[in-house]
Amino acid sequence: MSKLTHLTMTEARDGLAKGEFSARELVQAHVEAVEACRSLNAFITETPEQALDGADASDARRRKGEAGALEGIPLAIKDLFCTFDVLTTAGSHILDGFKPQYESTVSANLWSAGAVMLGKTNLDEFAMGSSNMTSFYGGVENPWRRTGSNEPLVPGGSSGGSAAAVAARCAMGATGTDTGGSIRQPAAFCGIVGLKPTYGRCSRWGTVAFASSLDQAGPMTRSVRDAAIMLGGMAGHDAKDSTSVNTPVPDYEAAMTGDIRGLKVGIPKEYRIDGMPAEIDGVWQQGIDWLKAAGAEIVDISLPHTRYALPTYYIIAPAEASSNLARYDGVRYGLRVPGDSLDDMYEATRGEGFGAEVKRRILIGTYVLSAGYYDAYYNKARRIRTLIANDFKAAYEKVDVILTPTAPSAAFGMGDKMDDPVAMYLNDVFTVPASLAGLPGISLPAGLSGEGLPLGLQLLGQPFEEGKLLQVAEVLETAAEFKALPQIIS
Amino acid sequence: MTIIEGKTGPWEMVIGLEVHAQVTAVSKLFSGAATTFGAEPNSQVSLVDAAMPGMLPVLNEMAVKQAVKTGLGLNARINLFSEFERKNYFYADLPQGYQISQFLYPIVGEGTIILDLADGETRDVGIERLHLEQDAGKSLHDQHPSMTYIDLNRSGVTLMEIVTKPDMRSAEEAGACLRKLRSILRYLGTCDGNMDEGSMRCDVNLSMRRPGEPYGTRTETKNVNSIRFVQQSIELEARRQVAVLEEGGTIAQETRLFDAGKGTSRSMRSKEEAHDYRYFPDPDLLPLVLDEAWVESLKKELPELPDQKMIRFISDFGLPVYDAGVLVADQETAAFYETVARGRDPKLTANWVIGDYFGAMNKSGANLGNAPVDAARLGALIDLIADDTISGRTAKEVFEEMWETGKDAAAIVEEKGLKQITDTGALETIIDQLIADNAGQVELYKGGNVKLIGWFVGQVMKATQGTANPGMVNKLLKTKLD
């Protein structure tokens, strides 16, 4: 395994700038790494030729003095982002053969900053899942194994392929999308950094929609500084997305001062849930101690409506999804299974094209929006969503950021929890509230479980205060000194 | 009000209309694609209109402006807060699987439209609401033996759905309502009102009741695409409902489809089969919040609308209500009339515009844009009548000639020697000769048969080939005979 693949994005950026190696060499090493890690099933589509051509073009730009912020950096793109003329599947059978004739705003931003695409990463079908097991293209293996065990584990989801690719050193970074935790939870499971920005920070244009009021793209990287660099390349106002917010993108790296003295960190008591493993509680306490040691002030806070977050999320997200996925009807693109009538064709196409979890959520969503149930479910959920957002608003009167665990467990075995959707949904218990409130959150690796698996800590911030999140996250990162490597490359 | 006399007593119609008016705008409600009528199938379709994955709607400000202007033109309340919702249903020409529409919070609330009825009376019809929504595409079932073709040119085009209150009581009133609405929309420039191109479509809600009783169960007749068909479908549905009710039956709440060719209608779907559209606020769009000052500025930009213009025509020009109504129905006609009437006798001008001019236009199929006689030429002709150069009768001949040849009135009058003889001497000579040649008639006249004056006038006109001024002839004859 080439050493180039072990560099952080920051190190690679500096090495490229100093001419220590070319983008071609850097990308070549990653193309080989992608190939070497095929057993993980992290990629649905590899684009090695495009990557190498892109690397040459990048080297040429650098020679002309036109290097962008991510010049020559090889990235993986979650297969939920539409990429020009490259198969885009959303992990679903129903998008068979779909090659968009347009490029998502987020990926286009990355390319114009000089980054290079290695391929499209696997994901839960339409980003619906917390294990990556719902993908039509099969589950992804976590590059990590429990100490002394060969049981394949899930990378988390839905951005499981992206998390696995970054953890396995196949890509220096990857795009993810987070609707209820789909960046943060897999980042925690794979021992990497994952940042979900404020809703509206990154454009949703050209990203296959799951739940429009929640979906948000973000970076998945191996260091906090890398996340800052990559977010800078992804974010920005987009007139093509009415929910994108027109506020300038700050220099996120500049926010990372290393000094958090006097900063107030909230610890929400409602996140101490029943039956939480002691080691999750332990890593949380460890994080509190690190921040205290760095001069931050720890403040106990309450987010009283936290326990309603998960049921609220599992009404709002499926409701929006049931409508968003109506366009996959076999008429214009993707899979078409013929039928004797239009209705037959719909039923055959959608019956075959969607997997069980997607169908479950379409059914839930259709139900909660139906006449007679709308007020009891959808409308009530919207009201609770406002209460949850108000909880955070009140908390941020007192604190700058909030510290919690990212997920209630470490990675679990492939196939576990598949027969119990509610147990699966519980993975998102710590990530969902901030999603409902549209707030930014970051997960970073804080230590290993007793079984040798990564555990993540989550920091939540105020709207558009990604800089502050990154600032605090870097302090935690320094304290945690997380150096362990997944078994697949160690 | 039309009362239908049934076998069991009188029945009254209760009618409300839902009009879909395509907004005049260069691009669609949520995409930049063009909206030209009659373009090649699928040539005006953006990625958004085709509902490609990851595409997002962006509201077209022009559409909002047009809806607000229309609301103001209907004297309606403009809602500063409105919201777009998704109306979910599956159909092959509905690419998103939902129509973006407005449901709980429409952009325009209650208003009024004033109907001008044939008897010169007016009647107020309430506007319930106006909301913005996307049109669907078109399914073409006649292009292939077993397949349906889809044309998405219309997909995403902006519609205003204008819903009236159930305030109409006859087919004539429904027709008058549509005509008035179309007139207002055209004045505002917010919809071209062309029902034959589908840019204005109408659904009719109708129920029957005994006069004074509460409303009965209504049916909805869909997509009736001309004012004549709207009136026909109302008569048809009213008769059908009365027949059902008089036989002791009940009216099923249903959607019906009118077949203009056969002059029949049939049930399309019952209330039980009605879709559950699962409306919910579209999370891709923010609520639409309007600035009051912006609405006020639009109000100031509004053109003079038909009702105001009619009042002005009556008070400034002294026109009868009927003439004013006819002239203001169409903005171009009203402007044409005003151009011709400037500095001329308004009533004489109105007679000419409504009578001969409209007559010639209808007969030849011309319009104001391409008519061979323009406002200036018509005015010049009226001037010749006013200054006694020609008589009204001669003017009609001259006008016909003008229409055919495109020549000026004066040139025709000159060419054909139609100028009235106003030289008293010349007329006196003719009259003296006439009296000398017709002693018998003179005798009779002097004997008391004064009606014979008409015969003398006729003879003089004949002798002058109609160029004599009839008034002058009359006067001269009387002095000589009396």
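Hi everyone. Asn42(B) has 15 C-beta neighbours inside 10 Å, so it counts as partly exposed. Before I go on, please keep in mind that this is a predicted model.

Let me stay with Asn42(B) for a moment. You will find Asn42(B) in the loop between strand S2 (9-22) and helix H1 (61-73) of chain B. Its phi is positive, about 60 degrees, although Asn42(B) is not a glycine. For background, most residues other than glycine have a negative phi.

The loop between S2 and H1 of chain B also holds Ala51(B). Ala51(B) is not a glycine, yet it has a positive phi of about 55 degrees. Is Ala51(B) buried or exposed? With 22 other C-beta atoms within 10 Å, Ala51(B) is buried.

Now to a helix in chain B. Leu188(B) belongs to helix H2, residues 171-188. It has 20 C-beta neighbours inside 10 Å, and therefore counts as buried. Which residues does Leu188(B) contact, if we leave aside its neighbours within four places in sequence? They are Lys69(B), Thr70(B), Gly73(B) and Pro303(B). Take Lys69(B) from that list: Leu188(B) and Lys69(B) are 119 residues apart along the chain, while their C-alpha atoms are separated by 7.1 Å.

Chain B also has a sheet I'd like you to look at. Three strands form an open sheet in the order S5-S4-S15, and the pairing is antiparallel. Strand S5 (98-101) and strand S15 (280-281) of chain B stand at the edges with a single partner strand each, so one side of each has no neighbour in the sheet. Strand S4 of chain B, residues 85-88, is joined to S15(B) by two bridges, and these two strands run antiparallel. If you want a residue pair to find on screen, Arg86(B) has Phe280(B) in S15(B) as its bridge partner.

Let's move over to chain A. How many helices and strands are there in chain A? There are 16 helices and 11 strands. The C-alpha trace of chain A spans about 65 × 55 × 50 Å along its principal axes.

One is parallel: strand S7 (residues 264-268) and strand S8 (residues 297-301) of chain A are joined by five bridges. In that pair, Gly266(A) stands opposite Val299(A). With helix H9 (residues 278-293) of chain A, S7(A) and S8(A) make a right-handed β-α-β unit. The other pair is antiparallel: seven bridges link strand S10 (residues 441-448) and strand S11 (residues 454-460) of chain A. There, Pro445(A) has Gly456(A) in S11(A) as its bridge partner.

One backbone detail of chain A is worth a look too. Gly157(A) and Ser158(A) are joined by a cis peptide bond, with omega at about 10 degrees. Ser158(A) sits in the loop between strand S3 (116-121) and helix H5 (160-167) of chain A.

Finally, where the two chains meet. The contact takes 32 residues from chain A and 25 residues from chain B. On the side of chain A that touches chain B, helix H10 (309-324) and helix H11 (342-353) of chain A each supply at least two residues. H10(A) gives the most, with three residues. That side of chain A divides into 15 nonpolar, 10 polar and seven charged residues.

Terms used
Residues numbered from 1 in each chain as written. Chains lettered and ligands numbered in written order. Predicted model: local features only at pLDDT ≥ 70, side-chain atom pairs only at ≥ 80, totals over all residues. Pairing = 2+ DSSP bridges. Helix = DSSP H or I, 4+ residues; strand = E, 2+ residues; numbered from the N terminus. Contact = placed C-beta atoms within 7 Å. Nonpolar A, V, L, I, M, F, W, Y, C, P; charged D, E, K, R; others polar. Right-handed = clockwise from strand over helix to strand, strands pointing away. Buried ≥ 20, exposed ≤ 12 C-beta atoms within 10 Å, placed from the backbone.
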